[in-house]
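Hi everyone, thanks for coming. Let me put the structure up on the screen, and then I'll walk you through it.

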Amino acid sequence: MLGVFSSAIVSPPDELVAAGSRTPSPKITATSLVNRFVQTNGAAVSVQVGDDAQLAYSHSNESPLQPRSFAVKDEIFCLFEGALDNLGSLRQQYGLAKSANEVILVIEAYKALRDRAPYPPNHVVGHLSGNFAFIVFDKSTSTVFVASDQFGKIPLSWGITADGYVAFGDDAELLKGACGKSLASFPQGCFYSTSVGGLRSYENPKNKITAVPATDEEIWGATFKVEGPAVLAATK
């Protein structure tokens with residue numbers, strides 16, 4: 001899965017800008033990245049949302065136990081990969097039908113977060129149990145909300161393209177070709193929200209997240225760590 005957003009929606013993280021500046025490497029544009037995704041993944045679907053967002057997904061090479069899914073409801077677009085262990089109880093909590101799958105659940109959870117402010121975002125994601133990563137784009141508010149499970153079982157990366165778009169995706173090699181060293185593994189147990197102003201840990205919401213420059217041998221330009229006792233939030 002892939003989500004690409006212009007700087008009008010997502011401000012490129014300073015840490016990834018700095019990583020790309022330390023070790024300049026080839027990059028491509030956001031449009032070229034989406035085109036490459038479509039060309040290299042069988043039966044891929046891409047969606048242009050307004051002028052500033054593009055989403056794409058494919059069922060190619062997906063795990064049957066951790067499938068990818070896509071849904072749109074009330075101008076909320078969601079890409080989800082993985083499986084929730086507590087889907088049944090969450091359906092009841094959000095008043096959903098038994099047929100509702102994970103991607104619909106995440107949309108409803110996001111709507112609860114958006115419409116019941118100041119409902120803490122870490123509570124919404126913290127209630128999800130299982131292996132997952134998701135990308136939400138709310139067209140009505142131009143909000144991006146991205147999260148990864150606490151163990152990072154679904155690999156998720158983010159980086160900056162040649163034209164300054166921020167890309168989130170589950171294919172690190174694909175993003176590497178587009179973002180160069182302006183690339184990092186998305187930290188496990190964390191969420192990114194444009195409405196709260198950036199990256200946060202939902203497991204340790206009061207702990208600061210810092211970026212550590214990577215070595216030349218690593219695919220990443222930086223590694224994000226949640227400060228605190230024995231909490232490491234981005235490993236490869």
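Let's begin with L33, which is found in helix α2, residues 30–40. For the helix and strand names, helices (H or I, at least four residues) and strands (E, at least two) are DSSP runs, numbered from the N terminus. Before I go further, a word on the source: this is a predicted model, where local features need pLDDT of at least 70 and side-chain atom pairs count only at pLDDT 80 or more, while totals for chains, interfaces and linings use all residues. Residues are numbered from 1 along each chain as its sequence is written, and side-chain values use heavy atoms, with hydrogens and water left out.

Back to L33. Is it buried or exposed? L33 counts as buried, because its relative accessibility is 0%; the cut-offs are under 20% relative accessible area for buried, over 50% for exposed, and partly exposed in between, with a 1.4 Å probe and protein chains only. Not counting residues up to four places away in sequence, L33 touches L2, V4, I28, T161, A167, L174 and A178, where contact means heavy atoms within 4.5 Å. Take L174 from that list: L33 and L174 are 141 residues apart in sequence, yet their C-alpha atoms are 7.8 Å apart in space.

Next, L183, in strand β10, residues 183–185. L183 is also at 0% relative accessibility, so it counts as buried. Leaving aside neighbours within four places in sequence, the contacts of L183 include L16, S157, W158, A172, I219 and W220.

With a relative accessible area of 0%, I76 is buried. Beyond four places in sequence, I76 is in contact with A71, I107, Y110, K111, R114, V136, F137 and D138. For a distance of another kind, I76 and G189 are 113 residues apart along the chain, and their C-alpha atoms are separated by 23 Å.

Now let's zoom out. How many helices and strands does the protein chain have? The secondary structure comes to 6 helices and 14 strands. The radius of gyration is 17 Å, close to the 18 Å that the globule rule gives for 236 residues, so the chain is as compact as a globular protein of that length. That radius is taken over C-alpha atoms, and the rule is 2.2 Å times the number of residues to the power 0.38. The C-alpha trace spans about 50 × 45 × 35 Å along its principal axes. Of the 236 residues, 51% count as buried. Among contacts with a separation of 6 or more, 60% come from residues 24 or more positions apart.

On to charges. A search of the whole structure finds 6 salt bridges, each being a side-chain nitrogen of Lys or Arg within 4 Å of a carboxyl oxygen of Asp or Glu. One of them pairs R68 with E81, with the closest N and O atoms 3.5 Å apart. That pair links distant parts of the chain, R68 in strand β4 (residues 68–73) and E81 in strand β5 (residues 76–84), 13 residues apart. Both R68 and E81 are buried.

E108 forms a salt bridge with K73, where the closest N and O atoms are 2.6 Å apart. Here E108 sits in helix α4 (residues 102–115) and K73 in strand β4, 35 residues apart, so this pair too links distant parts of the chain. E108 counts as buried at 13% relative accessibility, whereas K73 is partly exposed at 32%.

R114 pairs with D115, the closest N and O atoms being 2.8 Å apart. R114 counts as partly exposed, at 28% relative accessibility. Salt bridges that share partners join R68, E81 and D170 into one network.

Last stop, the backbone. Most residues other than glycine have a negative phi. Which way does phi go at A43, positive or negative? A43 has a positive value, near 55°. A43 is placed in the loop between α2 and β2 (45–49), and at 74% relative accessibility it counts as exposed. E75 also has a positive phi, near 65°. E75 is found in the loop between β4 and β5, and it counts as partly exposed at 40% relative accessibility.

That's my tour, and I'm happy to take questions.
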